[in-house]
Amino acid sequence: MAVQDVTTRTAGAGSGVEGTPAAPASGSRPSRNGRRLRALEPLLWLGPALVLILAVVIWPVVEMVRTSLMDISSTGLTRGFAGGDNYADLFAEPDLPGVVLRTLVWVVGVVTVTITVSLALAQLLNSRFPGRRMVRWALIVPWAASVLMTALTWRWMLNNFYGVVNRVLMDVGILDKPVNWLAHPAQAFAWMMAVAVFVSLPFTAFVILSGLGTIPAEVYEAARLDGAGTARTYLSVTLPLLRPSLMVAAIINVINVFNSFPVIWAMTRGGPGFATDTTTTYMYKLAFDNQAVGESAAMAVVNFALILLVVLVYLRVVRGREETG
């Protein structure tokens with residue numbers, strides 16, 4: 001009888017009720033289906049963004065690559081698979097080397113000048129002077145305005161008959177007669193680069209200005225106590241601490257300038273001929289002027305690959321600096 005009582009107490013020890021099996025603890029692991037539902041829960045939040053990326057980015061890229069591999073007539077009729085013929089025809093174009101070289105000059109020149117001038121502008125706007133707020137607001141205007149509208153305004157200003165640029169230069173005695181600035185490739189390309197810098201300055205200056213605002217005043221105080229002058233402080237303190245802002249501004253400017261279409265098309269349409277074309281406007285001409293849709297798609301794939309390469313290099317540099325830092 002005693003043995004039977006001990007057995008009964010042992011069986012009901014987990015529940016507090018004799019002879020009743022123990023109930024599972026409240027903190028026990030959820031079921032397998034419950035874990036799966038919890039794992040899929042982030043998709044409820046990320047789903048709309050993923051659908052947007054799929055529709056706006058992934059699908060156009062896939063379609064672009066597919067088009068570059070197809071034989072498409074001038075009327076848009078797909079005649080079959082072309083393989084690498086479109087790429088072979090593209091690289092055989094006699095104007096392509098000049099266009100690629102011009103694109104390199106365009107991107108490097110515009111981005112370099114933009115970053116350099118923006119550094120000076122940001123330093124000026126970071127200092128205190130009367131009317132600083134108004135100057136900051138005025139700097140936003142080229143950024144807020146349409147790029148196409150700005151390019152068309154500059155085209156009007158450079159007109160050889162009624163443009164204000166010729167009028168001013170003649171009034172101050174620099175010119176004897178009006179100059180058709182956009183008729184000569186070298187002059188037109190230089191003016192286009194100037195306009196591209198003009199529309200890129202506001203964003204870049206404010207990115208650098210925000211970086212200047214994050215530098216603690218104690219750092220400059222320590223530099224002054226160490227006897228560093230203005231130039232030494234800027235080179236040894238300000239620029240290194242501005243590196244993250246500069247890298248962000250540089251990569252965004254490279255992408256924007258590389259893909260810049262409105263400035264070139266509104267001012268010269270890439271002409272005369274292909275003399276002021278970059279790869280972006282050249283791609284447009286291949287599709288709509290030469291009716292070579294496949295070649296144009298191949299040019300688009302090459303452009304995308306170049307931008308992707310730039311972004312990957314940027315991410316590699318940033319990651320390397322974070323690891324060494």
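**Chatting through the model**

Biologist: Where is the place of Q291?

Modeller: Q291 is in the loop between α13 and α14 (293-324). Helices here are DSSP runs of H or I with at least four residues, strands are runs of E with at least two, and both are numbered from the N terminus. This is a predicted model, so local features need pLDDT of at least 70 and side-chain atom pairs count only at pLDDT 80 or more, while totals for chains, interfaces and linings use all residues. Residues are numbered from 1 along each chain as its sequence is written, and side-chain values use heavy atoms, leaving out hydrogens and water.

Biologist: Thanks! What is phi of Q291?

Modeller: Phi of Q291 is near 55°, a positive value in a residue other than glycine. Most residues other than glycine have a negative phi, and most peptide bonds are trans. Q291 counts as partly exposed, at 36% relative accessibility. On that scale, buried means under 20% relative accessible area, exposed means over 50%, and partly exposed is in between (1.4 Å probe, protein chains only).

Biologist: And R269, what is its phi?

Modeller: R269 is not a glycine either, yet its phi is positive, about 55°. R269 belongs to the loop between α12 and α13 and is partly exposed at 46% relative accessibility. P272 is found in the loop between α12 and α13 too, and the peptide bond leading from G271 to P272 is cis, with omega near 0°.

Biologist: Moving on to T279: buried or exposed?

Modeller: Buried, because the relative accessible area of T279 is 3%. T279 is part of helix α13 (residues 279-288).

Biologist: Which residues is T279 in contact with?

Modeller: Setting aside neighbours within four places in sequence, T279 contacts V99, V100, T103, F258, M299 and N303. Contact means heavy atoms within 4.5 Å.

Biologist: How do α4 and α8 pack?

Modeller: Helix α4 (residues 96-126) and helix α8 (residues 185-213) pack at about 45°, with axes 6 Å apart. Axes are lines fitted to C-alpha atoms, for helices over the stretch in contact, and angles run from 0 to 180 degrees between N-to-C directions. The two helices are therefore oblique to each other. Angles under 35 degrees count as roughly parallel, over 145 as roughly antiparallel, 65 to 115 as roughly perpendicular, and the rest as oblique.

Biologist: What about α10 and α11?

Modeller: Helix α10 (residues 230-241) and helix α11 (residues 243-258) pack at an angle of about 55°, with their axes 4 Å apart. That makes α10 oblique to α11. From α10, L239, P240 and L241 meet R243, P244 and L246 of α11.

Biologist: Last one: where does A266 lie?

Modeller: In helix α12 (residues 262-267). A266 counts as buried, at 6% relative accessibility. Leaving aside neighbours within four places in sequence, A266 is in contact with L148, A151, L152 and R155. A266 and V147 are 119 residues apart along the chain, with 9.6 Å between their C-alpha atoms.

Biologist: And how many helices does the chain have?

Modeller: The chain has 14 helices, along with two strands. Of its 325 residues, 34% count as buried.
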